[in-house]
Amino acid sequence: MFNFTATPPLSLYIHIPWCVRKCPYCDFNSHEARDEIPEAAYIEALIADLEQDLPAIWGRSIETVFLGGGTPSLFSPEGIDRLLCDIRARITLKPDAEVTLEANPGTADHARFQGFREAGINRLSIGIQSFQPDLLQEIGRIHNGNEAIAAVEAARQAGFDNFNLDLMFGLPGQTAQQALLDLQTATELGPTHISWYELTIEPNTWFHRHPPQRPDDNTLWEMQQAGRTLLGAAGFERYEVSAYAREQQQCRHNINYWQFGDYLGIGAGAHAKITDAATQTICRTSRIKHPRGYLDNAHTAKRISTTTTLATGDVILEFAMNALRLDQGFSPSTFNATTGLSYTVIENIVNQGIADGLLELDRDMIRTSPRGQRYLDELLQQWMPKTTQHA
Ligand SMILES: C[S@@+](CC[C@H](N)C(=O)[O-])C[C@H]1O[C@@H](n2cnc3c(N)ncnc32)[C@H](O)[C@@H]1O
Ligand code: SF4
């Protein structure tokens with residue numbers, strides 16, 4: 001069924017699973033660092049982990065690296081330097097590779113940022129969430145608004161001219177005016193990219209057990225429209241549900257996910273997706289989630305990851321879940337190149353989406369319509385595996 005003539009671009013994700021404190025809304029694989037972080041042991045485990053995957057990507061080079069978490073800025077610059085050197089000794093990073101590190105304003109200062117830069121990090125993603133002290137306290141952040149601004153300034157002084165700021169909206173008791181003020185402040189700090197996420201209440205979080213009062217759906221929708229206009233006027237164009245960038249400054253690492261590219265994922269709980277043109281398969285692997293179990297087993301013969309070969313229906317759904325988030329959508333040829341499947345396999349689903357007003361066609365690009373963006377779950381329902389559609 002699959003017919004790959006080449007493999008898609010390849011990225012590397014590295015998961016650092018510790019934070020100073022667990023935020024009440026967060027369901028990422030992040031753990032409060034009660035004792036000292038076993039940084040050196042974890043770096044060794046990451047390298048052992050990478051080595052296990054080398055045969056699967058032999059001869060391919062890496063376009064982007066993303067150190068995410070958790071809070072990677074808790075690691076020392078020396079640790080990050082060693083990690084990147086050890087990685088470079090084993091796989092080829094493209095000369096222009098984008099190398100991003102996630103930072104929490106409560107864990108970084110000028111010297112640390114400078115060290116990260118010298119280690120080869122060329123893009124930062126700073127978790128601001130809001131600049132307003134009462135809201136920051138409400139969502140359990142370890143920093144206040146002034147510290148968030150100081151962190152951004154420290155990053156700039158350390159020479160980072162390519163950085164993202166993460167903000168959230170729909171926070172407990174937040175007004176539209178407050179959300180817009182946060183965006184305004186963020187744009188004035190000179191980022192190249194802003195990720196503007198709507199707060200979601202995830203299972204297994206403190207907020208799920210103690211739900212906060214959030215703005216109602218209509219207010220959220222209005223907030224989103226006004227925010228998008230503000231960001232557009234400040235030169236940030238939306239290219240994905242929550243991602244806004246200045247011209248040519250989109251996050252290449254995330255774009256590779258959304259275009260259904262390949263990625264290695266190392267670290268506790270990390271996922272990977274690798275296409276093998278020789279066997280005509282796409283495999284997904286996931287690592288042991290808990291840092292303790294990961295550390296204990298990374299060097300042993302015991303497997304730290306499980307691998308699944310994706311069936312056609314899963315590939316189609318996963319492609320849609322990613323590509324339909326991008327404002328530009330996808331072309332039939334991208335579908336064919338990244339899934340190895342003929343476009344005819346999804347033609348009926350696309351036509352149904354267009355008939356329902358959930359998709360639209362612009363020349364050869366198929367993309368989510370404004371109605372589809374509002375009812376994304378309904379749209380994705382149409383892409384769920386059904387034997388008759390995905391045979
Ligand atoms: C892994 S965290 C980033 C870095 C760092 N850990 C921090 O929080 O400062 C990724 C981002 O996801 C967003 N996020 C996390 N949980 C969320 C939720 N429940 N709803 C919306 N956005 C969320 C936040 O904006 C956060 O900065
Ligand atoms: S600091 Fe970031 S990763 Fe850690 S708990 Fe908070 S939002 Fe999650």
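**Figure 1. The loop between strand S4 and helix H2 in the predicted model.** Glycine 70 belongs to the loop that runs between strand S4 (62-69) and H2.

**Figure 2. Salt bridges of arginine 82.** Arginine 82 lies in helix H2 (residues 77-88) and glutamate 44 in helix H1 (residues 39-53). The side chains of arginine 82 and glutamate 44 form a salt bridge, with an N to O distance of 3.9 Å. This pair links distant parts of the chain, since the two residues are 38 residues apart. Aspartate 86 also forms a salt bridge with arginine 82, and here the closest N and O atoms are 3.7 Å apart. Both arginine 82 and aspartate 86 are in helix H2, where four residues, about one turn of the helix, separate them. The relative accessible area of arginine 82 is 34%, so this residue is partly exposed. Glutamate 44 is likewise partly exposed, with a value of 43%, and aspartate 86 is partly exposed at 21%.

**Figure 3. The salt bridge between arginine 367 and glutamate 360.** The closest N and O atoms of arginine 367 and glutamate 360 are 3.0 Å apart, and the two residues form a salt bridge. Arginine 367 has a relative accessibility of 24% and therefore counts as partly exposed. Glutamate 360, with a relative accessible area of 28%, is also partly exposed.

**Figure 4. The loop between strands S15 and S16.** Arginine 363 is located in the loop between strand S15 (359-362) and strand S16 (365-368). Although arginine 363 is not a glycine, its phi is positive, at about 50 degrees. The relative accessibility of arginine 363 is 79%; the residue counts as exposed because this value is over the 50% cut-off.

**Figure 5. The loop between strands S12 and S13.** Glutamine 280 is placed in the loop that lies between strand S12 (271-276) and strand S13 (281-287). The phi angle of glutamine 280 is near 55 degrees, which is a positive value in a residue other than glycine. With a relative accessible area of 23%, glutamine 280 is partly exposed.

Figure 6. Strand S7 comprises residues 163-169 and is mostly covered, with seven of its seven residues buried. In a regular strand, side chains alternate between the two faces of the sheet. In S7 both faces are covered. Phe163, Leu165, Leu167 and Phe169 are buried on one side, and Asn164, Asp166 and Met168 are buried on the other. Strand S6 (residues 123-129) pairs with S7 in the parallel sense over five bridges. Within this pairing, asparagine 164 in S7 stands opposite serine 125. Strand S8 (residues 193-198) also pairs with S7 in the parallel sense, over six bridges. The bridge partner of aspartate 166 in S8 is serine 195.

**Figure 7. A negative surface patch that includes aspartate 217.** Four residues, Glu198, Asp216, Asp217 and Glu222, form a negative surface patch. One of them, aspartate 217, is part of helix H8 (residues 217-233). Aspartate 217 has a relative accessible area of 60% and is therefore exposed.

**Figure 8. Arginine 374 and tryptophan 221.** Arginine 374 is part of helix H14, which spans residues 370-374. Between the C-alpha atoms of arginine 374 and tryptophan 221 the distance in space is 8.9 Å, while in sequence the two are 153 residues apart. Arginine 374 has a relative accessibility of 38% and counts as partly exposed.

Key
Residues numbered from 1 in each chain as written. Chains lettered and ligands numbered in written order. Predicted model: local features only at pLDDT ≥ 70, side-chain atom pairs only at ≥ 80, totals over all residues. Heavy atoms only, no water. Patch = residues over 30% accessible without salt bridge, like charges linked within 9 Å, V, L, I, M, F, W, Y side chains within 5 Å. Areas by Shrake-Rupley, 256 points an atom, 1.4 Å probe, with all protein chains shown as cover. Lys, Arg positive; Asp, Glu negative; His and termini not counted. Charge placed at Lys NZ, Arg CZ, Asp CG, Glu CD. Buried < 20%, exposed > 50% of the residue type's maximum accessible area, 1.4 Å probe, protein only. Pairing = 2+ DSSP bridges.
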